[in-house]
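Trainee: Could you take me through one part of this model in detail, with the cut-offs behind each term you use?

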Amino acid sequence: MKNSIKVERAKKNMTQQELAELIQVSRQTVNSIEAGKYVPSTVLALKIARIFGQAVETIFELEDGD
C-alpha cells in the first residue's frame with residue numbers, strides 16, 4: 001500500500017515523532033507505515049487522514065496486486 005504521509009508531514013513541517021504523538025503510536029510505527037512495511041488499521045488510517053485534513057483515499061492508495 002502506497003501512502004503520502006511523508007509528503008503531508010513535510011507540508012506541515014511535522015516530524016515522525018510529532019505525528020506519532022498525535023495519533024498515539026510509536027515513531028517506529030509511523031516510519032513503518034511511511035515505508036509501506038506496515039498497513040495501519042482503519043482507525044489509525046482515519047486518525048492520520050484527520051490530522052492532515054484529507055480523505056483516507058487521498059493519503060493511502062492500493063498498489064497493483066494489493
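Mentor: R9 counts as buried, because its relative accessibility is 10% (buried means under 20% relative accessible area and exposed over 50%, with partly exposed in between, using a 1.4 Å probe and protein chains only). The model is a predicted one, in which local features need pLDDT of at least 70 and side-chain atom pairs count only at pLDDT 80 or more, while totals for chains, interfaces and linings use all residues. Residues are numbered from 1 along each chain as its sequence is written, and side-chain values use heavy atoms, with hydrogens and water left out.

R9 lies in helix α1, residues 5-11, where helices (H or I, at least four residues) and strands (E, at least two) are DSSP runs numbered from the N terminus. Setting aside neighbours within four places in sequence, R9 is in contact with M14, T15, Q16, L19, E34 and F52, contact meaning heavy atoms within 4.5 Å. With one of these, E34, the side chain of R9 forms a polar contact of 2.4 Å (a pair of N or O atoms within 3.5 Å; within protein, one must be able to donate a hydrogen and the other to accept it, and residues adjacent in sequence count only if both atoms are side-chain atoms).

As for D64, this residue is found in the segment after β2 (60-61), and D64 is exposed, with a relative accessible area of 83%. The C-alpha atoms of D64 and M1 are separated by 8.9 Å, although the two residues are 63 residues apart along the chain.
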